[in-house]
Amino acid sequence: PGKQPTHPLQFDLMSLCRARSLSGRPEGPYRAVESADALVTQDFEGVDTLDKLFVHAVKRFGQASCLGTREVLSEEEEKQPNGKIFKKLVLGDYSWMTYEEVNQAVESFGSGLAALGQQPCNTIAIFCETRAEWMITAQACFRRNFPLVTLYATLGEDAVVYGLDQCGATHLITSTELLRTKLKVHKHVVYAGSDEVCRADYPQSLAMHSIQEVMELGTKPENLSKEYKRPTASDLAVVMYTSGSTGKPKGVKMQHSNLIAGMAGQCQRIPGLGSQDTYIAYLPLAHVLELTAEISCVSHGCRLGYSSPHTLTDQSSKIKSGGKGDCSVLKPTPHAAVPEIMDRICKNVNGKLREMSVIQRTLFKVGYNYKLQKVSQGADSPVCNKLFFKRVNLLLGGCVRLMLSGGAPLSASTQRFMNVCFCPVAVGYGLTETCGAGTISEFSDYSTGRVGAPLICSEIKLRDWPEGGYTSQDKPHPRGEILIGGPNVAMGYYGSEGEEENDNFWVDEAGQRWFCTGDVGEVHPDGCLQIVDRKKDLVKLQAGEYVSLGKIEAALKNSPLIDNICVYASSLPLNSVYCKLQRFLCLLLCGKMAKAFMFLCVSMYRLYINYILCVCVCVCGTVGKLERFEVPQKIRLSSEAWTPETGLVTDAFKLKRKELKNHYIKDIERLYGAK
C-alpha cells in the first residue's frame, strides 16, 4: 500500500559520503571512508584464525547460553480441510549449551575425528541441514586444521557426488535424514540425529558412527591427551561448493584470514551486536551468508537458536495448529533472511489483511502510509508501532530490531513493507568468492534498490563493459562491471588452480587479491552501490541488439501478477517462461467471473495470455524503461513452484537458466515455432 514519498531530508541522507574513490576517478577504487587509509583484516587484535575467534568468545562469555535446540515432543498426523493428512510436530522449549559446554564438545569431537584417522590439512566433508551439530563440527575442524568442505543439503545428488569426488574427503558428516536418501560412500560416515540407522543397509567397508560415539571416543584419555598443531591465518579453512546458476558446482577455497576479514567488515556495519541478542539460525549453513552470520554472532556473545523454514513461524508447514513456531518461542533480535523469505512474510501479512473488514484495512493503510513517510525522513512512529504493527511483529517473535537481506535482489516494495511493519532492513551484496563480504547498506538508509557502501574490509572498482552499454563515464552515475578487492577475497576454486584464476581471481601489483563478479553496478554520489545488471545474462539478438535477461526480469517482477520469471532469448524474438499464476486467478475469482472459471481455463486461455502480455508491455515501458526489442513476445504460464528442491533455482533462489531451459524445452520450441 502506498508509494514511497520523497522528502528533502532523504536527499540529505543520501548526500552523506559513505565511500569515496581513492583515485578521484569515477571508476574507483572506492573504499568506505573509515578504511580509506587501509583495509581492515581483523575484528579483534591478534585474533587471525577462526579457532582463535571462538576461543576468544569462550573466554568472554563462558557461562552464557550459546547454542539452542528445540525439543521434539511428538509427531502427529493432522487432517487438512481438503482431506489431506500432513505430519506435524509438537515442539517444546529450547534447551541450551553454554559457551564452555560447546567448547568441550568441540574439543571432544575434534579428538574423536583424529582418532578415526582424520589428518590435519586433509579435507573433511559436511552434508547436513542447519543444526547445532553443524556448528560444533565446523569449530572442531577449524581447531584441528581440517579444511571443511561444505555442500548444500538441497543440491542434486550428481552435484554432491561431483563435489565429494573432487575434494577427496574420506570422512563425511551428515544426518540420519540425508543418510537414508543420499550417499553411501567414503570410509567413515558420522551422522547426527536421533533416528535409528540400520548398518546392515550399508557396505561393510563403510564405518558408521553417530556424533555421540565420536565424542565418546574423543574423550578417552589416550586420545584427548594427544597434542595437535592449530591452524595459521594462511591455512585453508573452508571449501564451499556453490550451486551456481550454470554448470557443475565450484568449490571456493577460503583461508582463515579471508573469513576473519570478511566478518570484521560485516560486524562493523551491524550496530549493537552483543550478548543481549538472540539470533535464529535457519538458513543453510553451507551458504556463506548463514555461516558468517552465525560465527559473527557467536564471536560477539549472541545466543543461537536453531530452526528450519518448516518450523519458523506459527503458520509454518510443520507446526501443529495452535502450536508456536520457533520465532514465537525464541523471540530473535537480529534476523538474516533471503528475499524469498521476506516475500513470504509479506504475503502472509497481506493475506491476513484481506481477511479483515474494510474499516480495519483502511486504518492499517493510513497507519502504513504515515509511518512510511516518517521512516523516509529518518524517524519512527511509536504510536503506529503500537496500534497497527504490534500484532504483525509477533509473526517473528515481536522483538526483531534489525534484519539483513542477502543472497539475491530484494524488491523495493518488500523492503519498504519490512521497514514499516517490522524493523530497519539492511541489504547486503557479496559472493561466496568474497566470503559474503562486499557491501552492506546502513540500517538508517531507507532508500531502496541500493546495497550500500563497501565494507571496511573491501574495495570496489568499476570496469567498463562497452558491449553492454556501461562505462564509468555514464551519467548521472558511473557504471560498469563490479570488481571486489581485499583480504576477504577467496583463494580461487578447488581443483582449478591456474585454469580459470586469471579470468576470475587475480593479484594486483600491490599484492591485493581481486575477484571479477560478473555483476554490473553503478556508484551513487555518496559512494553506495546499486546492482543494475548481470553480465552473464547478456544475449545477442538476430538484429545485433544486446539484451540483458536479468534487467528484463527485474522490471517484470514489479507486476503484482508475477511471482517469478525466467526470460529466454536466442537470435529469434524474446520469449518468457512464467511461474505461478495463482495471483491472476485470485483476481478473477474475487470478481464476477467465478462461475466462468472452468470455462476460462479451457476456452479463454488465449485471452488470459493476451492479458498477461499486455501487462508485460505496460510494465516494461512504464517501470522498466525498456526498449521495444526487450519486451517479451510470447509467454508460457506454469503453476509449478520453482524451489531448490526442483533443481530449477539455487538455494538463494537464483535462476538456473540451463536447467530451466531443459525443463521447458518443448514449450520453448513450440513458442518459437508458433505463428
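Predicted model: local features only at pLDDT ≥ 70, side-chain atom pairs only at ≥ 80, totals over all residues.
Residues are numbered from 1 along each chain as its sequence is written, and side-chain values use heavy atoms, with hydrogens and water left out.

**The chain as a whole**

- The secondary structure of the protein chain comes to 22 helices and 28 strands, these being DSSP runs numbered from the N terminus, with helices (H or I) of at least four residues and strands (E) of at least two.
- Of the 675 residues in the protein chain, 54% count as buried; buried means under 20% relative accessible area, exposed means over 50%, and partly exposed lies in between, with a 1.4 Å probe and protein chains only.
- The accessible surface of the protein chain comes to about 30,300 Å², and 53% of that surface belongs to carbon and sulfur atoms, with areas taken from the Shrake-Rupley method with a 1.4 Å probe.
- Among contacts in the protein chain with a separation of 6 or more, 65% are between residues 24 or more positions apart, a contact meaning heavy atoms within 4.5 Å.

**Salt bridges**

- The count for the structure comes to 21 salt bridges.
- One of them pairs Glu107 with Arg143, whose closest N and O atoms are 2.9 Å apart; because Glu107 lies in helix α3 (residues 99–115) and Arg143 in helix α4 (residues 132–144), the pair ties together parts that are 36 residues apart in sequence.
- Asp526 counts as buried at 0% relative accessibility, and Arg450 counts as buried at 4%.
- The side chains of Glu27 and Arg25 form a salt bridge at 2.8 Å, N to O; here Glu27 is partly exposed, with a relative accessible area of 22%, and Arg25 is partly exposed as well, at 46%.

**Helix α14**

- Helix α14 covers residues 382–393 and spans only 13 Å between its end C-alpha atoms, whereas a straight helix of 12 residues would span 16 Å at 1.5 Å a residue, the expected span being 1.5 Å times one less than the number of residues.
- The buried residues of α14 are Cys384, Phe389, Val392 and Asn393, and, seen down the axis of α14, they fall within an arc of 90 degrees, so they line one face of the helix; the arc is that of the directions from the helix axis to the C-beta atoms.
- An α-helix has 3.6 residues a turn, so residues three or four places apart point the same way.
- On the other side of α14, the exposed residues are Val383, Lys386, Leu387, Lys390 and Arg391.
- The cover over the buried residues of α14 includes α12 (339–354), α13 (358–376) and α15 (412–421).

**Cysteines**

- A search of the whole structure finds 0 disulfides, a disulfide being a pair of cysteine sulfur atoms within 2.5 Å.
- The sulfur of Cys435 is 8.8 Å from the closest cysteine sulfur, in Cys457, which is too far for a bond.
- Cys435 is buried, with a relative accessible area of 0%, and Cys384 is buried at 6%.

**Residues that meet across the sequence**

- Ile460 is found in strand β19 (residues 459–463) and counts as buried at 2% relative accessibility.
- Ile460 and Gly28 are 432 residues apart in sequence, yet they are 6.9 Å apart in space, C-alpha to C-alpha.
- Leaving aside residues up to four places away in sequence, Ile460 touches several others, including Glu27, Pro29, Tyr30, Ile482 and Leu529.
- Ser321 is placed in the loop between β13 (303–306) and α11 (326–330), and Ser321 counts as exposed at 56% relative accessibility.
- The C-alpha atoms of Ser321 and Glu78 are separated by 8.4 Å, although the two residues are 243 residues apart along the chain.

Conventions. Salt bridge = Lys/Arg side-chain N within 4 Å of Asp/Glu carboxyl O.
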